[in-house]
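Here's a quick tour for anyone meeting this structure for the first time. Have a look at it below, then read on for the main points.

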Amino acid sequence: AVSAERLHAADRRTKAIHVVSLTGAYQSRFTAVDAVRLAVGPHGQVAAIERETQMPWLFGADGKGRPLPVTGTGYQLRGPLDVAFDSLGHLYVLERDSVLVFTPAGEFLSVFAPGAAAGAFRMAVAFHVDDAGRLYVYDEDTERLQVFH
């Protein structure tokens, strides 16, 4: 995942996230987590899904972090697949049939779950949030990319 001036890379061998400059020079070890998915927010925060436990983690720009609670008022994380940030720093967590949204501080905001409505997705595998706040979800079941405004 790339921020304005550096690249964050998950390394399976060292089970850590490392920081590399955009020229390719190694800078530092960011934090110790074996991440399978990774995103960098606009304020330098980093979100990752830990490989073995499938827990989503939220880290500050300083590398200190905490796992997001699996359950809370209005939501339950069942199987996080991917993470992304919008331009305001809100964290989005993709599950097979829904997207959970958290504040930049990691507090739960809402769930986007189209269910049986037109445009519903059942087997999401990847997604992206652009600067305009549009949500792009690739649904493996229908083999199509869906855009939500």
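The chain has 0 helices and 16 strands, where helices (H or I, at least four residues) and strands (E, at least two) are DSSP runs numbered from the N terminus. The radius of gyration is 15 Å, close to the 15 Å that the globule rule gives for 149 residues, so the chain is as compact as a globular protein of that length. That radius is taken over C-alpha atoms, and the globule rule is 2.2 Å times the number of residues to the power 0.38.

This is a predicted model, so local features need pLDDT of at least 70 and side-chain atom pairs count only at pLDDT 80 or more, while totals for chains, interfaces and linings use all residues. Residues are numbered from 1 along each chain as its sequence is written, and side-chain values use heavy atoms, with hydrogens and water left out.

**The whole chain**

- Along its principal axes, the C-alpha trace spans about 45 × 30 × 30 Å.
- Of the 149 residues, 43% count as buried; that means under 20% relative accessible area, with exposed meaning over 50% and partly exposed in between (1.4 Å probe, protein chains only).
- Residues 24 or more positions apart account for 33% of the contacts with a separation of 6 or more, a contact being heavy atoms within 4.5 Å.
- The chain exposes about 7900 Å², and carbon and sulfur atoms supply 53% of that area, worked out by the Shrake-Rupley method with a 1.4 Å probe.
- There are 14 positive and 17 negative side chains, and the centres of the two sets lie 5 Å apart. Lys and Arg count as positive and Asp and Glu as negative, leaving out His and the chain ends; each charge is placed at NZ of Lys, CZ of Arg, CG of Asp or CD of Glu.

**His 18 and its polar partners**

- His 18 sits in strand β2 (residues 16–21) and counts as buried, at 11% relative accessibility.
- Its side chain makes a polar contact of 2.8 Å with the side chain of Thr 14, and another of 2.9 Å with the side chain of Tyr 26. A polar contact is a pair of N or O atoms within 3.5 Å; within protein, one must be able to donate a hydrogen and the other to accept it, and residues adjacent in sequence count only if both atoms are side-chain atoms.
- Setting aside residues up to four places away in sequence, His 18 touches several others, among them Leu 7, His 8, Ser 28 and Phe 30.

- Val 101 is in strand β12 (residues 99–102), and it's buried, with a relative accessible area of 10%.
- Beyond four places in sequence, the contacts of Val 101 include His 90, Tyr 92, Phe 108 and Leu 109.
- Leu 77 is in the loop between β9 (75–76) and β10 (82–85), yet it's buried, with a relative accessible area of 6%.
- Leu 77 and Pro 56 are 21 residues apart in sequence, with their C-alpha atoms 9.1 Å apart in space.
- Pro 56 is also one of the contacts of Leu 77 beyond four places in sequence, as are Leu 68, Val 93 and Leu 100.

**Positive phi in loops**

- Lys 15 has a phi near 50°, a positive value in a residue other than glycine; you'll find Lys 15 in the loop between β1 (6–11) and β2.
- Glu 143 has a positive phi too, near 55°, and lies in the loop between β15 (135–139) and β16 (144–148).
- Glu 143 is exposed, with a relative accessible area of 63%.
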